[in-house]
Amino acid sequence: MSEFRQDATTKDWVIIAPERSKRPQQRPKKKAAEDIPAWDASCPFCPGNEVETAGEVLRIPLSEEATSWDVRVVPNRFAALTLEGDTTRIEEGPFFRKMGGFGVHEVIIDSPSHNTPPALMSYEQIEKVLIAYQERYNALKKNRQIKHITIFKNDGWAAGTSLVHPHSQLVATPIMAPYFHRKFDVALDYFADMGRCLYCDLIAWDMEQGGSRVVAETGKFVVVHPYASHVPYETWIVPKTHCASFGLFPTVHIAELAMVLKDVLFCLHQGLDNPAYNLVIDSTTTDDEDDPYYHWHIRIIPRLSTIAGFEMGSGIYISTMLPEDTASHMRLTAKSCPADVCIAFKDYA
């Protein structure tokens with residue numbers, strides 16, 4: 001039996017329709033790491049090909065050797081936005097408005113290895129990637145024309161990636177995207193009404209109710225499958241302590257976040273046969289980093305099905321699995337993992 005569920009953070013409605021999971025469908029599989037070379041002479045992100053990318057803005061660790069690095073950050077060669085754009089808004093008649101394409105578009109090269117996806121990277125390598133995310137976030141927010149920074153990863157062709165080599169992206173804009181505007185409005189309304197953070201209350205409620213949608217809990221984080229998941233296995237990593245901005249999250253806890261993120265990605269990799277996915281870091285605006293109503297978190301959206309006509313026509317997503325069931329499957333997957341992975345999850349699972 002299908003049902004409607006409402007997302008408390010956006011007020012969007014989602015249809016949960018488990019019967020639709022029985023439809024015949026051919027989902028293209030991602031190539032396994034062993035089917036991809038560890039180094040590709042034609043890849044601009046591989047060591048030795050550094051001249052193929054624009055001027056480097058960050059390298060971890062710092063090194064004067066051209067090919068000695070674990071993470072690199074470079075401007076996107078095909079940037080959607082540039083700092084040369086003009087933020088002046090121009091009215092074209094009573095209905096239309098435009099402005100120059102001002103902003104920043106960067107690529108974070110996650111690893112020197114061409115064929116090691118984040119799910120199979122070491123905890124230490126994931127930590128370095130997260131450090132690069134935060135360093136670039138905090139460097140770019142100093143530009144007061146930048147109002148919002150989105151850090152994201154498209155992993156797999158179905159998720160929108162254009163290059164195999166593991167990488168993430170950062171886009172900084174002078175405007176707030178409508179999706180985030182809606183999330184902020186809902187969170188602000190809740191805070192004005194209740195005097196508390198909506199996300200803190202949602203996590204507390206899930207834990208108090210027995211945690212059927214909780215995948216794991218560590219000292220500083222909770223991993224959940226949201227009540228109104230837009231897609232099967234949608235996974236959120238949420239800090240337990242209130243913090244609105246990813247940029248202000250204490251660096252001392254990045255190592256634990258790396259463990260949790262690696263474990264989530266490994267469980268999805270193992271349990272869903274290496275699916276394509278999108279990962280997004282949801283953070284508050286650069287103007288209001290200390291706000292009491294928003295709560296930064298990571299969203300991971302596996303691409304197990306295609307967004308089709310109904311979703312585009314109505315704005316209502318159809319998910320084919322209950323989040324209570326997917327969370328249970330993730331916990332079972334964590335239990336069956338080898339001893340040297342899913343370390344952060346095993347006590348909880």
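Biologist: How many residues does helix α6 have, and how far does α6 reach from its first C-alpha to its last?
Modeller: This is a predicted model. Helix α6 covers residues 323-335. At 1.5 Å a residue, 18 Å is expected, and the helix comes close to that.

Biologist: Which residues of α6 are buried?
Modeller: Buried means under 20% relative accessible area. By that cut-off, the buried residues of α6 are Pro323, Glu324, Thr326, Ala327, Met330, Thr333 and Ala334.

Biologist: Are α4 and α6 roughly parallel or roughly perpendicular to each other?
Modeller: Helix α4 spans residues 254-271. Its axis and that of α6 come within 9 Å and cross at roughly 95°. Angles of 65 to 115 degrees count as roughly perpendicular. The two helices are therefore roughly perpendicular.

Biologist: Which residues in α6 meet α4?
Modeller: The α4 side brings Val264, Cys267, Leu268, Gln270 and Gly271. By class, this contact has five nonpolar, four polar and no charged residues. The residues in α6 are His329, Met330, Thr333 and Ala334.

Biologist: What radius of gyration does the protein chain have?
Modeller: The chain holds seven helices and 15 strands. Its C-alpha trace spans about 55 × 55 × 40 Å along the principal axes. For 349 residues, a compact globule would be near 20 Å, and the chain agrees, with 20 Å.

Biologist: What share of the residues in the protein chain is buried?
Modeller: The count runs over the 349 residues of the chain. Buried residues make up 51%.

Note on methods
Residues numbered from 1 in each chain as written. Predicted model: local features only at pLDDT ≥ 70, side-chain atom pairs only at ≥ 80, totals over all residues. Heavy atoms only, no water. Helix = DSSP H or I, 4+ residues; strand = E, 2+ residues; numbered from the N terminus. Expected span 1.5 Å × (residues − 1). Buried < 20%, exposed > 50% of the residue type's maximum accessible area, 1.4 Å probe, protein only. Axes fitted to C-alpha atoms, helices over the stretch in contact; angles between N-to-C directions. Parallel < 35°, antiparallel > 145°, perpendicular 65-115°, else oblique. Contact = heavy atoms within 4.5 Å. Nonpolar A, V, L, I, M, F, W, Y, C, P; charged D, E, K, R; others polar. Rg over C-alpha atoms; globule rule 2.2 N^0.38 Å.
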